[in-house]
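This briefing concerns the model shown below. Please read it alongside the sequence and the coordinates on display.

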Amino acid sequence: MRLVASLRENIAVALDTLRVSKLRSGLTILGVVIGVSTVMAMAAIVEGIRDQIVHTIEIAGPTTFYLMRIFSQTPINPDRLPKYVRIRPELKEDEAIRIKELPEIGYASIWAQVFARIEFQGQRTQLLTVFGADDRFTEIQGGELTTGRWFTRGELSAGSAVIVLSEDVAHRLFARATAIGKTIRVQGRPAQVIGLYAPPGNIFSPPGQNVGGIIPYRMAEHQLVFDKTNTLFICVKPRPGISVMDAEEAVTVLERKLRHLGPAEPNTFDLITQDQILDIFNSFTTTFFLIMMVLSGVALLVGGIGVMAIMMVSVTDRTREIGVRKALGARRNDILLQFLVEAATLTGIGGLIGIMVGLATGRLVTTLLHIEAKTPVVLTVIAVAVSVGIGLTFGLLPAYRAARLDPIDALRYE
């Protein structure tokens, strides 16, 4: 009870000190606010993007995998391909057809990503992603057809100039007018709108590369220009009951046979699973988060040094007060506790403000990116504990100095 009463009294004294020295205390708190808010904002953003990626993978299904000419975490310049890429054949639609015929495979189709502007009567969009795919697009990417229809078999086989347009793009180009039946232009090529597509609210897209629409793959192949090294791939799904490993093995055997590869020759293609995509993303976000933690740690260190400096000044300014308290019977531990609580209060307030600022910043950024972000509860508790811990750590030296003051010398101090 005595300890609780002492803590309560010391917190009141600390708050009174903050009120008296507003500017000095505010500058001390600022360093802690910057460090904690940076950590919280980055945590909210990274957690939101990670959840979005995981959900997108769940939409496609954990068994979906992709066959690519070459997989690289950074795009390869298609005009200056290195030799190890040039020796790899480009993917062909016939390969997807042969893969689909395997008994282990339930779905296989070649897709292309085309970056293009969509136009209608002088109105143009920004650069968007137009997928060259088929009528089972939503099974891989999610979303739904809200109006109109998907491609017919005839349109897919003929590469007809038709498009299922994104609802956002339709709204931009046609406002409230009906888009179905209108002819738009993709990369300058005409295409008739036959349906409207609503992407899932949490699908991950690189900034500025939102889905603008879906066209038949053969239309993309015959009429549009796209990078056949980086943006051409075959989506593959095993049959129910077939493991990803067995399906990958069957596809690998077939591909090696189609490419006439000998037993000692390496593969001239890459297979990428959802787990590999998630691992790559996790390694990227973890590295990014660690860098931000280091930068935040520097800000917290600066804030801690500021706390120590301010507390040293506070001890000097209140030397006579310390002397009076000691003369009235205060022990060293009482003085030590007083200044430790004051330092912890400074950084604790800074931590709470930093958490609010960081969460608000994280929420703003994730809202602008259309990402659902959850509040990182565990990290919030850790942030408060760390901020208070910084106050205790950096306030220890000034508090120890105050506790060791001789009461006679302290009373004589001018």
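Is aspartate 270 buried or exposed? Aspartate 270 is buried, because its relative accessible area is 18%, where buried means under 20% relative accessible area, exposed means over 50%, and partly exposed lies in between (1.4 Å probe, protein chains only). The model is predicted: local features need pLDDT of at least 70, side-chain atom pairs count only at pLDDT 80 or more, and totals for chains, interfaces and linings use all residues. Residues are numbered from 1 along each chain as its sequence is written, and side-chain values use heavy atoms, with hydrogens and water left out.

**Overall architecture**

- The chain contains 14 helices and 12 strands; these are DSSP runs numbered from the N terminus, with helices (H or I) of at least four residues and strands (E) of at least two.
- Of the 414 residues in the chain, 46% are buried.
- Among contacts (heavy atoms within 4.5 Å) with a separation of 6 or more, 78% join residues 24 or more positions apart.
- The chain exposes about 21,500 Å², of which carbon and sulfur atoms supply 61%; accessible areas come from the Shrake-Rupley method with a 1.4 Å probe, and for residues only the protein chains shown count as cover.

**Salt bridges**

- Side chains of opposite charge can pair when their charged atoms come close.
- The count comes to six salt bridges, each defined as a side-chain nitrogen of Lys or Arg within 4 Å of a carboxyl oxygen of Asp or Glu.
- One of them joins the side chains of aspartate 270 and arginine 88, at 3.4 Å from N to O. Aspartate 270 belongs to strand 12 (residues 270–273) and arginine 88 to the loop between helix 3 (83–86) and helix 4 (93–100), so this pair ties together parts that are 182 residues apart in sequence.
- Arginine 88 also counts as buried, because its relative accessibility is 12%.
- Glutamate 139 and arginine 136 form a salt bridge whose closest N and O atoms are 3.0 Å apart. Glutamate 139 is partly exposed at 36% relative accessibility, and arginine 136 is partly exposed at 29%.
- In the salt bridge of glutamate 155 with arginine 149, the closest N and O atoms are 2.8 Å apart. Glutamate 155 is buried at 11%, whereas arginine 149 is partly exposed at 35%.

**Glutamate 255 and its surroundings**

- Glutamate 255 is located in helix 9 (residues 244–258) and counts as buried, because its relative accessibility is 0%.
- Leaving aside residues up to four places away in sequence, glutamate 255 touches Leu67, Glu95, Ile99 and Phe269.
- A network of salt bridges links Glu255 with Glu95 and Arg259.

**Aromatic pairs**

- The structure holds nine aromatic pairs; rings of Phe, Tyr and Trp (its six-membered ring) pair if their centres lie within 6.5 Å, and planes under 30 degrees apart count as stacked, over 60 as edge-to-face and the rest as tilted.
- Phenylalanine 137 and tryptophan 150 form a tilted pair, 6.5 Å centre to centre with 40 degrees between the planes. Phenylalanine 137 lies in helix 5 (residues 137–141) and tryptophan 150 in the loop between strand 6 (144–148) and helix 6 (153–158), so the pair ties together parts that are 13 residues apart in sequence. Both phenylalanine 137 and tryptophan 150 are buried.
- Phenylalanine 137 also pairs with tyrosine 197: the ring centres are 5.5 Å apart and the planes stand at 80 degrees, so this pair is edge-to-face. The pair links distant parts of the chain, with phenylalanine 137 in helix 5 and tyrosine 197 in strand 9 (residues 189–198), 60 residues apart.
- The relative accessible area is 0% for phenylalanine 137, and tyrosine 197 counts as buried at 1%.
- One aromatic cluster is formed by Tyr66, Trp111, Phe131, Phe137, Trp150, Phe151, Tyr197 and Phe233.
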